[in-house]
Amino acid sequence: MDFKLSDEQRMLEETVGRLVRDGYPFDVREKARTSELGYSTDMWQQFAELGLLGVPFAEDFGGFNGGGPELMVVAEGFGRGLVLEPYLATVVLGGTLINALASDAQKETLISAIIGGELRLALAAYEPQGRYDHTQVATRADKQGDGYVISGQKAVVLHGDSADKLVVIARTSGGDNDRDGLSAFVVDAGAEGVSRRGYPTIDGLHAAEITFDKAAGERLGEEGKAIDALEKTLALGIVALCAEATGAMEVACDQTLAYIKERQQFGVPIGKFQALQHRMVEMRMELEKARSMTILAACSLEAAPALRAKRVAAAKALIGKSGRKVAEEAIQLHGGMGMMEETAVSHYAKRIVMIDHQLGDLGYHMQQLEGLLDVDDDAA
Amino acid sequence: MDINYTPEELAFRNEVRAFLDEKLPKDIASKVKNSQHLGKEDTIRWQKILNEQGWMALHWPKEYGGTGWSPIQKHIFEEECAEYGAPTVLPFGVNMVAPVIIKFGTEEQKKTYLPSILNSDVWWCQGYSEPGAGSDLAGLKTKAVREGDHYVVNGQKTWTTLGQHADWIFCLVRTDPNAKKQEGISFLLIDMQTPGITVRPLITLDGEHEVNEVFFDDVKVPVENLVGEENKGWTCAKYLLTFERTGIAGVGQSKAALKHLKEVAAKVQQNGKPLIEDPLFRNRLADVEMELMALEMTNLRTVAAAQAGGVPGAESSFLKIMGTELRQEITDLFRRAAGPYAQPFLPETFEADYGGDMVGPDFANTVSAKYFNMRKLSIFGGSNEIQKNIIAKMILGL
């Protein structure tokens, strides 16, 4: 048992830390957030130059060959800076699914382009009626000539508005709620039959409703067999979200602590009041739990599927519960200032709370966990 | 980064499991699991078995008969003991007064007191709290006045856990009434047989006699029973508060209790189905499971930090709060599982040798008493509010 980062992991942490410290002050982020794109392409190029876009990919393609702990380190750093760029959408979700399913030839083109910063992706998996259930897929893909045509609708696709290509989950067989019969496709975002309605999200990111009407798609992997790879990718995405939340919660705690030490009322810093001290302690306790569960999930991605599923669900559920508490308390302890758009902590609170709405919320993951209560630590 | 035990650590765990399989008396483990009464002789029988194995004093240096184990080994041992239903080792001798004697005592004191603690021949209790000194411990008033070669002690201690069995008591007493609160306190060892000591039972809300009041009326204590310097007793008390608290999270106890709770909830029927399939109950079970996973990882992070040479300080306050709240939550779920049969109160059924009929399901007879008894967890050992004060001050700098 060892919780220390390896030398490589520490280097990664320092790289991300420096980037966020130097390149991501609040006013710079605000400028990028309020731009039409919603993030900075210059920053994206810096990610590429620093090798960050290759973290989960094989060294053959110029990647870092990282797993859960490496992505955790990166995402936690991004959470501290509330990074806007489509790292989760491109590298973690779209990228690792391609990496798991694609042929060598496909990977040669696509993975290299991701690592080089030339290809931004979005994962179009969830649908309007399915909420957080990735197996409820009504979108269908039908064979046509050498390829497929895809028709259906995808909901709140993270960074779907600016992606160059979409990784689409569509049904090639079975009923709308079957686990089997799901396939993955790469679709050009600008292809005929793809219409996107992009919009900003309340936490400063962007997403899109996407409709496919006989849009041409290139299949990834075997027909109808995408579910295992998809679930592995979603698990990795959850680890990244948990880590991002942990980083953001840490900053929300730090900023709140600094504020209550400085803000004076009744002639003393308000941090002298026990009612506020205890609330601050509870925030820190939630942060510690969040960090613990993120580590547990990050280190369990290679565990037996049921055990992985249990720990990942528990981690995401806990982040939903703890994150809400930290976000609400951060605003409350900042008083009126916590309500202001100009106060950084309000942006942290918004991101932390919205993370609960990505890849399954507290309720969804509690239900998953309820189904896995009998799985113990020695499960194989 | 690796959350799994190393092969060496796993081998150690197997050694512990083999020992518990072979040596933990089944009758004692059954009492622990079913929350039946444990007698003084049960505790002593188990502690003597531990001592024969050389595993009684986890936290002592090896030269005094301690295990010399690493923080991870201690953690594994404590966790396995809890999961097997071994009784909690009585902390007052081996984990409280002994470390103070080892750190601050004379060679003579070490020779006099340590061997009998190791072999559980002497039962110790703790004389800290007073009617007017709870969370504000330094406000204690019990006086010790030096007269020749002894002190004369007058005053009252309270919440003295299992003091009714005790041979000796370690006390914080005021030796300088004019000094500042913390500075006039001394650490005294007192033989409970000394004339002038009266022990009176305090009956708790669950009908139990677990705690006592101890009165001191002109009790003569030899000067050589002072540990450390006169008026420096607060240093001893503080040392104890930060001393080795890896087990404070009670992860093993919670795991064992949760496992038992799941078994019970699978048997109890509600609306023609096992209670464990009831959505509300299952949701609360899942919540406990999730919180327990978070607690276990947080505990392991603290243990690993100690292993790497860090000194667990105020971090153990986090673990105390999280761990006690969770254990209390589990007792609440046991009460829910019992349903209407949480109400009957038949203390005679708490005895392992009770041969009569039960009222309601077997597990239900103790759940409410245990629920109320476990309210103590967030009060003793520094209430959870005091723990928050400690974190606010020591970690947050407020």
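In the predicted model, 41 residues of chain A are in contact with 39 residues of chain B. On the chain A side, Met1(A), Phe3(A) and Leu373(A) lose the most area to chain B, and together these residues account for 22% of what that side buries. The area buried between the two chains is about 3,900 Å², with 67% contributed by carbon and sulfur atoms.

Polar and charged interactions also link the chains. Between chain A and chain B, 19 residue pairs are in polar contact, counting pairs with both residues at pLDDT 80 or more. The number of salt bridges between chain A and chain B is 6. One of the salt bridges joins the side chains of Lys289(A) and Glu291(B), with an N to O distance of 2.8 Å. At least two residues of the chain A side that touches chain B come from each of helix 7 (227–262), helix 8 (274–298), helix 9 (305–334) and helix 11 (362–370) of chain A. Helix 8 of chain A provides the largest share, 15 residues. By residue class, the chain A side that touches chain B comprises 19 nonpolar, 14 charged and 8 polar residues.

Within chain B, Ser378(B) lies in the loop connecting helix 11 (367–373) and helix 12 (384–394). Ser378(B) is classed as buried because its relative accessible area, 18%, falls under the 20% cut-off. Its side chain makes a polar contact of 2.9 Å with the side chain of Gln328(B) and reaches the backbone oxygen of Arg375(B) at 3.3 Å. With residues up to four places away in sequence left out, Ser378(B) touches Lys320(B), Thr324(B), Gln328(B), Ser383(B) and Asn384(B).

How values were computed:
Residues numbered from 1 in each chain as written. Chains lettered and ligands numbered in written order. Predicted model: local features only at pLDDT ≥ 70, side-chain atom pairs only at ≥ 80, totals over all residues. Heavy atoms only, no water. Helix = DSSP H or I, 4+ residues; strand = E, 2+ residues; numbered from the N terminus. Buried < 20%, exposed > 50% of the residue type's maximum accessible area, 1.4 Å probe, protein only. Polar contact = N/O pair within 3.5 Å; in protein donor to acceptor, adjacent residues only side chain to side chain. Contact = heavy atoms within 4.5 Å. Buried area = accessible area lost by both parts, 1.4 Å probe. Salt bridge = Lys/Arg side-chain N within 4 Å of Asp/Glu carboxyl O. Nonpolar A, V, L, I, M, F, W, Y, C, P; charged D, E, K, R; others polar.
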